[in-house]
Structures are given as structure tokens and as C-alpha cells.
Amino acid sequence: MIKHLKVWLIVPLLLIGLTGCGALKAAIPHHVVVAAVARQAQQEQIALWQQLSADQASLPQLSVNRVNVRQSRQVRVADSLAYEVTGTYRYKLRYPQRSPLQKSQVPFTLILHKPVEDKSWQLLEVEGSLEAPRAWHWQSLAASPYPQTS
């Protein structure tokens with residue numbers, strides 16, 4: 001009798017433990033991750049373009065697709081629950097006078113947060129690196145001016 005009771009207690013705990021990682025992946029809608037990756041890639045492109053002192057009018061059009069989430073895990077940022085999401089994506093740059101440039105398997109790491117009182121997800125934008133940030137702030141993904149996919 002005690003053996004059967006142990007089995008009935010252990011099996012549900014194992015099932016909860018084994019499905020726990022998948023639940024985090026499902027907690028963040030895929031379109032939110034795509035929007036965040038597109039925003040991050042666009043901002044990196046603009047920063048690089050500015051370092052090259054290039055004309056903003058000649059900035060190539062960026063499109064992001066094939067976003068593949070490898071891992072999601074809960075983290076704490078300033079006493080708020082957030083998610084660190086890692087994976088890869090593919091992008092395409094379309095230049096006005098050249099053939100497009102395409103790159104696959106570009107790695108990304110994002111920190112996403114959904115405030116309880118807000119309906120939109122937020123992306124953590126960091127100056128410096130995630131390991132040693134100089135400054136950071138949350139940027140809403142609701143009114144993203146960047147394209148999500150191509």
C-alpha cells in the first residue's frame with residue numbers, strides 16, 4: 001500500500017519537473033520573440049551604420065526570419081521576474097543598388113519581461129554587455145517600428 005502511495009506521489013512530481021522547461025518556452029509567444037529579435041538586430045545595424053559614419057538614407061532594409069528559440073529560463077532583473085531567451089535567427093539585408101546579403105544561424109540572447117499591469121511585453125535594452133551593463137532600461141514591444149518578419 002505504501003509503495004503504491006509513493007508511486008502516486010512521485011509520478012506527478014516527475015511529470016511536473018520534466019514539463020517545467022517546456023512551459024517557459026510556451027509562456028512567451030513566438031511573435032514576441034520575433035519582434036524582440038528584429039528590434040535588437042535593427043538597433044545593432046543602426047549603431048554599426050553610425051560608427052561607419054554612413055548616410056542613414058543608404059541604410060539597407062533588414063528582415064528577420066527563422067527565429068529558433070533554443071532555451072528559455074526565468075531570471076530576476078531589479079526584483080522583477082523576466083525571461084532570458086537564447087537561440088538563433090536568419091536575417092537578410094536588402095541594399096538599394098546591390099543584391100541582398102543573407103546570414104543564417106545568428107545567435108541571440110534576449111531578456112523579456114511582461115509587467116502584471118501591462119498587456120505588452122518589454123525588451124531589456126542594455127548599454128555594454130549583459131555581464132557588465134553600463135546602463136539598461138525596458139523598451140515596450142507594443143509599438144515596435146521595426147518589421148517582425150519577411
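## Basis of the description

A contact, as the word is used here, means heavy atoms within 4.5 Å. Residues are numbered from 1 along each chain as its sequence is written, and side-chain values use heavy atoms, with hydrogens and water left out.

## Overall architecture

The protein chain contains 2 helices and 5 strands, taken as DSSP runs (helices H or I, at least four residues; strands E, at least two) and numbered from the N terminus; their order from that end is α-α-β-β-β-β-β. Among contacts between residues at least 6 apart in sequence, 50% join residues at least 24 apart.

Of the 150 residues, 33% count as buried, where buried means under 20% relative accessible area, exposed over 50%, and partly exposed in between (1.4 Å probe, protein chains only).

## Helix H2 and its cover

Helix H2 (30–51) has 22 residues and reaches 32 Å from its first C-alpha to its last, close to the 32 Å expected at 1.5 Å a residue, the expected span being 1.5 Å times one less than the number of residues. Its buried residues include Val32, Val33, Ala36, Arg39, Gln42, Gln45 and Trp49, and what covers the buried residues of H2 includes S1, S2, S3, strand S4 (122–128) and strand S5 (133–140).

## Nonpolar cores

A nonpolar core is a set of buried Ala, Val, Leu, Ile, Met, Phe, Trp, Tyr and Cys residues joined through side-chain atoms within 4.5 Å. In the largest one, which has 27 residues, Val33, Tyr89 and Leu112 touch the most other members. H2, strand S1 (61–77), strand S2 (80–94) and strand S3 (101–113) each supply at least two residues of this core, and H2 gives the most, with 8 residues.

A second, separate core of 5 residues includes Val75, Val77, Ala82 and Ile111.

## Confidence

The mean pLDDT of the protein chain is 77, and 73% of its residues reach 70 or more. Confidence is highest in S2, at a mean of 93, and lowest in helix H1 (residues 2–27), at 44. Over residues 3–24 pLDDT stays under 50, and the model has 5 contacts beyond four places in sequence for this stretch; residues 144–150 are also below 50, with 18 contacts beyond near neighbours in sequence. Where pLDDT is low, the predicted coordinates should not be read in detail.

How values were computed
This is a predicted model: local features need pLDDT of at least 70, side-chain atom pairs count only at pLDDT 80 or more; totals for chains, interfaces and linings use all residues. pLDDT is the predictor's confidence in each residue, from 0 to 100.
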